[in-house]
Amino acid sequence: YQRRVRGCNRETDDMSSNGSSESSILATDYGNKNYWDKKYKEEKLFDWYQDYSSLKSIINQHFPKDKWVLMVGCGNSKLTEEMAKDGYMFVANVDIAEIVVHQMKNRTTDFGLEQNLSYATMDVRALAIRNETFECVIDKGTIDALACADLYIRDIPLMCSEIERILTKGGTWMVITYGEPETRLEYFKGYNWDITETTVERKSSIEGDAPTKHWVYLIRKRL
């Protein structure tokens, strides 16, 4: 019951790069740095939930290509790489797992995208970024991972406070999540922003698994 209320979904088909079951992994492991370090040692490139092609129209509408963009909990997603190839000029990525940051830095160099993309090891609960630096922030599954952690009551407010701090006035935080409004909007209360929401149909990654939708929250920091 508690997990359902806080919006923690054990959608292992989205969290596994090969669609296999991870029934031996506890949901609370998704909030554990050691879990991600181990996972990225074994996993190839993988986009949780949605890829750039399915989010492009929303991103292009709300994120101008000449603005500073930050993706938190980037993992080994190709989303910001595709954004850079599509003309986004300044895209930074952070993740708590140093191993995946190293992997993605090497990939960026291999593809000659160093002028557009950067990667750094950071904890979204304590970002080493100056106030009001980024006009645009993307989260694709990070808040869901924290919702599965034992300390979610502490960690999610820390994340929200950090995003509010580094976001410029009028800037937008886009959250792609399994969390429906009844489980997510509560987390976003009490901050200086306005929220709109939409949905994107989920692409099923396991044969016979019925598609569902992902929620996209567009959270704009007030002027």
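N131 is exposed, with a relative accessible area of 52%. Here exposed means over 50% relative accessible area, buried under 20%, and partly exposed in between, for a 1.4 Å probe and protein chains only. The model is predicted: local features need pLDDT of at least 70, side-chain atom pairs count only at pLDDT 80 or more, and totals for chains, interfaces and linings use all residues. Residues are numbered from 1 along each chain as its sequence is written, and side-chain values use heavy atoms, with hydrogens and water left out.

N131 sits in the loop between strand 3 (117-121) and strand 4 (134-140). Helices (H or I, at least four residues) and strands (E, at least two) are DSSP runs, numbered from the N terminus. Beyond its neighbours within four places in sequence, N131 contacts R165 and I166; contact means heavy atoms within 4.5 Å. The side chains of N131 and R165 are joined by a polar contact of 2.8 Å. Such a contact is a pair of N or O atoms within 3.5 Å; within protein, one must be able to donate a hydrogen and the other to accept it, and residues adjacent in sequence count only if both atoms are side-chain atoms. N131 also lies 9.4 Å from I163, C-alpha to C-alpha, although the two are 32 residues apart in sequence.

Two further polar contacts involve buried residues. N93, in strand 2 (residues 90-95), is buried, with a relative accessible area of 1%. Its side chain forms a polar contact of 2.8 Å with that of T80. Outside four places in sequence, N93 touches L70, M71, C74, T80, L117, S118, Y119 and A120. H214 belongs to strand 7. H214 is buried, at a relative accessible area of 0%.

The chain has nine helices and seven strands. Of its 223 residues, 50% count as buried. Among contacts between residues at least 6 apart in sequence, 73% join residues at least 24 apart.

The largest nonpolar core has 37 residues; W36, I59, L79, M83, Y88, I138 and M174 have the most contacts inside it. Helix 4 (residues 52-62) gives the most to this core, with four residues. A nonpolar core is a set of buried Ala, Val, Leu, Ile, Met, Phe, Trp, Tyr and Cys residues joined through side-chain atoms within 4.5 Å. I59 touches Y52, L79, M83, Y88, I138 and M174, not counting residues up to four places away in sequence. A second, separate core of 29 residues includes V72, A92, L127 and F134.

In helix 4, the buried residues are Y52, S54, L55, I58 and I59. They lie on the same side of helix 4, because they cover an arc of only 140° around the axis. The arc is that of the directions from the helix axis to the C-beta atoms. S53, S57 and Q61 are exposed on the other side of helix 4. The buried residues of helix 4 pack against helix 5 (79-85), strand 4, strand 5 (167-177), strand 6 (193-201) and strand 7 (213-221).

The axes of helix 3 (residues 33-42) and helix 6 (residues 98-110) come within 8 Å and cross at roughly 35°. Axes are lines fitted to C-alpha atoms, for helices over the stretch in contact, with angles from 0 to 180 degrees between N-to-C directions. Helix 3 contributes D37, Y40 and K41 to the contact, and helix 6 contributes E98, I99, V100 and Q103.
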